[in-house]
Amino acid sequence: MFDLDRWREIFQSISKNKLRSALSGFTVAFAILLFTLLFGIGNGLQNTFKNEFAKDAMNSIYIWSNNTTIAYKGNQIGRKIQFKNDDFTYIKENYGDKIQTISPRIQRSENVVYKDEKDNYTIRGVYPEYYVLESAEVTEGRFLNYRDIQERGKVVVIGRMVEKDLFGQLSAFGKQINIGGIMYKVIGVFSDPGGDSDERYIYTPFSTMQRMYGNNDYVDEFGITYNPDLSIDEAIAFSSELHRELKKKHNVSPNDQRGIGLDNYATNNKEVSGMMFGLSILILVIGFGTLIAGVVGISNIMVYIVKERTKELGIRKAVGATPSMIVAMIMQEAVFITAISGYAGLLLGIGILEIAGPSLEKYFILNPSVSQPVVIGATLTLVCAGLIAGYLPAKKAAKIKPVVALNSD
């Protein structure tokens with residue numbers, strides 16, 4: 001591979017066939033460029049979906065009540081379904097082995113005031129487990145605990161944007177804020193991967209909110225994370241069974257899709273995974289199809305070069321060159337053209353993705369890029385492509401008989 005004379009011969013051969021070598025190299029470069037762009041865009045779409053799901057735990061299930069849309073068992077259309085604390089107990093007792101965490105939730109919109117600053121925010125009454133559902137991270141202080149639930153404490157954990165809106169550059173930790181005319185102590189501040197909108201929530205103990213807003217046992221919604229040991233299909237089956245049983249418990253028609261709503265992220269994950277798998281296959285087919293075209297192009301040019309160098313190869317064999325030496329020379333030339341052209345296409349593709357990346361976000365393509373394994377895979381592919389492209393002409397060159405070669409035109 002490091003024989004100086006052989007490399008000199010390879011460069012001489014390329015210089016004598018500049019146009020053909022350039023066209024063959026362009027074909028491979030374009031193939032790798034197209035593959036890189038498609039793969040980068042595919043990764044960008046995957047990043048978009050991951051970013052959306054990052055707002056909540058990937059194994060989340062949300063269940064909420066609403067008005068019925070179908071008359072059932074003597075009940076009229078439009079009946080309001082109301083979850084209560086006994087539904088919370090029912091779910092835990094009957095599906096505890098399939099549940100990782102569960103939290104009831106009550107949600108209201110209230111005016112929040114700190115000194116001269118005020119704004120309207122969504123207040124959520126939750127259990128400590130809701131912290132897992134939101135994938136939140138406490139940046140100061142702590143989140144709610146069961147002592148807060150038992151004591152019905154007037155404490156809150158506020159989002160980063162709430163702190164910024166009301167306190168500016170000051171820390172909100174330990175301060176008192178007025179929520180709907182009632183004073184609460186800020187015991188923590190959190191950030192959320194869902195972004196600014198998810199950081200404008202305020203969390204307070206579920207028991208506190210039940211007492212403050214109606215003094216009853218009403219529940220608006222349940223947030224659940226299913227057992228991670230469950231497969232996607234098992235998680236979907238679990239949520240379907242839970243949905244069905246809650247409808248029975250509240251006399252809601254099995255065909256009523258509104259009376260009790262349910263959103264299982266496992267279903268979304270399955271659909272997205274299937275779509276992304278199909279997209280990946282399409283990218284691979286197009287990319288490798290174009291690469292094969294480049295390999296065929298290089299193979300053809302190498303065949304032509306072998307034909308033009310018939311006398312030269314015959315002389316080489318006459319003075320002692322072995323078939324393996326001829327094969328090595330031709331294949332080395334093919335690998336060289338393929339590798340150089342391919343890397344040029346790869347670098348160009350990465351450069352385009354870097355430059356165009358920010359402008360693609362409006363098309364839901366977030367941070368399009370190619371990973372290190374893809375670059376390594378592309379390298380191996382280029383070497384294999386070069387070997388394949390050079391094999392047939394090299395094999396033909398090795399069979400040339402010196403006498404025949406010297407007598408050829």
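**Helices α3 and α8**

I started with a pair of helices: α3 and α8 lie oblique to each other. Oblique is what remains once angles under 35 degrees are called roughly parallel, those over 145 roughly antiparallel and those from 65 to 115 roughly perpendicular. I looked up the numbers behind that: α3 (residues 85-95) and α8 (residues 232-249) have axes that come within 12 Å and cross at roughly 140°. The axes are lines fitted to C-alpha atoms, for helices over the stretch in contact, and the angles run from 0 to 180 degrees between N-to-C directions.

A note to myself on what I'm looking at: this is a predicted model, where local features need pLDDT of at least 70 and side-chain atom pairs count only at pLDDT 80 or more, while totals for chains, interfaces and linings use all residues. Residues are numbered from 1 along each chain as its sequence is written, and side-chain values use heavy atoms, with hydrogens and water left out.

The helix and strand names come from DSSP runs, numbered from the N terminus: helices are H or I with at least four residues, strands are E with at least two.

Which residues meet here? From α3 I found D86, D87, Y90, I91 and Y95, and from α8 F238, E241, L242, E245, L246 and K249. Contact means heavy atoms within 4.5 Å. Sorted by class, this contact has six nonpolar, no polar and five charged residues. The classes put Ala, Val, Leu, Ile, Met, Phe, Trp, Tyr, Cys and Pro in nonpolar, Asp, Glu, Lys and Arg in charged, and the others, Gly among them, in polar.

I also clicked on H243, which sits in α8. H243 is buried, at a relative accessible area of 14%. For burial I use under 20% relative accessible area as buried, over 50% as exposed and in between as partly exposed (1.4 Å probe, protein chains only). Leaving out residues up to four places away in sequence, H243 touches I260, G261 and L262.

**Two helices against α11**

Next I went to α11 (residues 323-356), where α1 (residues 4-16) packs at an angle of about 60° with the axes 10 Å apart. That makes α1 oblique to α11. Their crossing is right-handed. On the α1 side I listed R6, W7, E9, I10, F11, S13 and I14, and on the α11 side M325, A328, M329, Q332, E333, F336 and I337. The tally for this contact is nine nonpolar, two polar and three charged residues.

Then I checked α10 (residues 310-318), which packs with α11 at about 140°, axes 10 Å apart. α10 is oblique to α11 as well, and passes α11 in a right-handed crossing. L313, R316 and K317 of α10 meet P323, I326 and M329 of α11. By class I get four nonpolar, no polar and two charged residues.

**The cores**

How many residues are in the largest nonpolar core? It has 44, and those with the most contacts inside it are I91, I158, I177 and I202. Such a core is a set of buried Ala, Val, Leu, Ile, Met, Phe, Trp, Tyr and Cys residues joined through side-chain atoms within 4.5 Å. A second, separate core has 14 residues, including V126, L133, V155 and V157.

I followed I158 and, skipping residues up to four places away in sequence, found a list of touched residues that includes E163, F167, I177, V189 and I202. Of these, E163 and F167 are among the buried residues of α6.

Is Y184 buried or exposed? I find Y184 buried, at 3%, in strand β8 (residues 182-191). Beyond four places in sequence, contacts of Y184 include K154, V155, I177, T204 and M212.

L170, in the loop between α6 (160-167) and β7 (176-179), is exposed at 53%. I also saw that G168, which follows α6, has a positive phi near 65°.

R152 has a phi near 50°; R152 is in the loop between α5 (146-151) and β6 (155-159) and is partly exposed at 38%. N367 also has a phi near 50°, in the loop between α11 and α12 (372-398).

Methods: Left-handed = near helix turned anticlockwise from the far one by under 90°.
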